[in-house]
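The following exercises are to be worked with the sequence and the coordinates at hand. Each task is followed by a solution in steps.

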Amino acid sequence: MLTLDRLSLRFDHQPVLDRVSLTLDQGRIGCLIGPSGCGKTSLLRLIAGFLAPASGRVMLGDETVADAHQQMPAEQRRVGMVFQDIALFPHLNVTDNIAFGLNHQPPAARRARVAELLALVGLPGLGDRYPHQLSGGQQQRVALARALAPKPRLLLLDEPFSALDAELREQISREVRQILLREGITALFVTHDQNEAFALADQLGVMHGGRLLQWDSPYRVYHQPADRTVADFIGGGVLMPGRVRDPDSVETALGPLRGPLPAGLAAGADVDVLVRPDDLVIDDGGPRRARVVECLFRGARMLYTLELENGQRLPCLAPSHHAHGPGTSVAVRLDLEHLVVFPRGRG
Ligand SMILES: Nc1ncnc2c1ncn2[C@@H]1O[C@H](COP(=O)(O)OP(=O)(O)OP(=O)(O)O)[C@@H](O)[C@H]1O
């Protein structure tokens with residue numbers, strides 16, 4: 001449905017996007033994540049038609065809507081957008097806000113579509129309210145209904161939940177995923193929040209410095225990060241130094257770790273091993289000791305920072321019913337499902 005083919009963008013001759021390519025199939029939900037300034041919003045604006053590419057191509061279905069030579073105007077693309085700041089019209093009630101893009105339709109069809117959307121976003125009966133009479137979550141649902149009303153080919157959502165508090169954000173992102181699936185809408189989100197991205201996305205893209213480093217299922221981005229930048233960004237893990245012992249094991253401060261290594265690594269090569277907070281287990285029978293540097297209460301779990309004898313610090317997510325205070329010594333073992341190893345000094 002959406003194809004980006006080596007899309008590049010410059011602002012004042014400065015590269016902002018560098019050969020971004022991806023495909024998103026009809027009815028699927030994509031999510032872009034990456035540090036501030038990496039080009040996420042610019043990419044959405046390019047797809048919507050508010051910016052023009054320096055090179056490359058944007059396709060919707062079989063149709064090229066933008067390349068370096070020609071641009072379909074934004075209003076002809078049938079691409080909807082939902083922004084972070086909910087831009088509802090304050091002087092229009094909910095019904096008129098949602099019906100805003102349906103002016104070309106006969107009144108009866110318009111009314112039917114508004115009623116359908118109000119039910120879809122879980123706000124039946126609120127059509128007469130004005131935006132200031134709604135909660136933040138309700139306003140965001142109206143914004144979504146308004147964007148869905150003209151049945152766009154593609155919906156772009158730029159951090160749509162960032163103004164909501166964490167609990168509501170999780171609930172509404174789950175709901176919105178269900179709504180989009182029910183409507184069969186192809187959607188591309190931008191978010192800062194990894195949990196939100198994991199919950200929403202069929203395809204997850206990690207951006208950095210204007211490049212799309214990986215475009216994959218959330219599971220693969222998490223478990224098989226394409227490079228050390230993705231590994232570092234996703235999942236709150238750290239890269240722990242190690243040295244290759246033989247074709248399928250690495251010596252580390254936590255002992256030898258077994259697993260397939262990237263091809264071409266000779267014995268003695270310096271590498272980094274990815275350790276995520278859920279890979280390290282506090283266990284009285286564990287082979288190594290570590291000192292608790294910090295513990296953060298996260299409800300059911302405690303997020304520890306542990307320091308090994310060689311000074312290496314590692315995150316550890318453990319059940320919170322056995323609390324270990326800072327300064328305590330604990331025994332640990334590594335419970336890696338599979339080894340993620342990067343050659344030292346290479347991207
Ligand atoms: N109109 C503009 N003119 C010049 N530079 C711009 C313009 N808009 C954005 N930039 C620059 O382009 C780069 C990408 O910005 P963009 O807003 O796309 O990043 P982002 O990943 O969405 O960031 P954030 O997560 O903070 O919203 C940044 O370096 C930004 O300063």
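The exercises below concern a predicted model and proceed from the whole chain to single residues.

**Exercise 1. Overall organisation**

Describe the chain in terms of its domains, secondary structure and burial.

*Solution.* 
Step 1. Begin with the division of the chain: domain 1 covers residues 2-231 and domain 2 covers residues 236-343. The centres of domain 1 and domain 2, taken over C-alpha atoms, are separated by 37 Å.
Step 2. Turn to the extent of the chain, whose C-alpha trace spans about 75 × 50 × 35 Å along its principal axes.
Step 3. List the secondary structure, which comes to eight helices and 20 strands.
Step 4. Of the 347 residues, 36% count as buried. Among the contacts with a separation of 6 or more, 63% join residues 24 or more positions apart.

**Exercise 2. The ligand shell**

*Solution.* 
Step 1. Collect the residues around the ligand: Phe-11, Asp-12, Val-16, Gly-34, Ser-36, Gly-37, Cys-38, Gly-39, Lys-40, Thr-41 and Ser-42.
Step 2. Assign the shell to secondary structure: helix H1 (residues 40-48) supplies the largest share, three residues.

**Exercise 3. The largest nonpolar core**

Characterise the largest nonpolar core and the surroundings of Leu-144.

*Solution.* 
Step 3. Examine Leu-144. With neighbours within four places in sequence left aside, Leu-144 is in contact with Val-82, Val-121, Val-176 and Ile-179.

**Exercise 4. Strand pairing around S16 and S17**

In which sense do S16 and S17 pair, parallel or antiparallel, and over how many bridges?

*Solution.* 
Step 1. Strand S16 (residues 288-298) and strand S17 (residues 301-308) pair in the antiparallel sense over eight bridges. Ala-290 stands opposite Leu-308 in S17, and Cys-295 has Tyr-304 as its bridge partner in S17.
Step 2. Inspect the connection. S16 and S17 form a hairpin with two residues between them, and Gly-299 in the turn has a positive phi of about 80 degrees.
Step 3. Follow the chain to strand S18 (residues 313-319), which pairs with S17 in the antiparallel sense over seven bridges. Thr-305 has Pro-315 as its bridge partner in S18. In this hairpin, with four residues between the strands, Gly-311 takes a positive phi near 95 degrees.

**Exercise 5. Val-340**

Is Val-340 buried or exposed?

*Solution.* 
Step 1. Locate Val-340 in the loop between strand S19 (329-334) and strand S20 (341-343).
Step 2. Apply the cut-off for burial, 20 or more other C-beta atoms within 10 Å. Val-340 counts as buried because it has 22 C-beta neighbours inside 10 Å.
Step 3. Name contacts beyond four places in sequence: Val-340 is in contact with Pro-225, Ala-231 and Leu-274.
Step 4. Consider Pro-262, which is 78 residues from Val-340 in sequence and 8.8 Å from it in space, C-alpha to C-alpha.

Definitions and conventions
Residues numbered from 1 in each chain as written. Predicted model: local features only at pLDDT ≥ 70, side-chain atom pairs only at ≥ 80, totals over all residues. Near = placed C-beta within 6 Å. Core = buried A, V, L, I, M, F, W, Y, C linked by C-beta atoms within 7 Å. Buried ≥ 20, exposed ≤ 12 C-beta atoms within 10 Å, placed from the backbone. Contact = placed C-beta atoms within 7 Å. Domains from an automatic or database assignment. Pairing = 2+ DSSP bridges.
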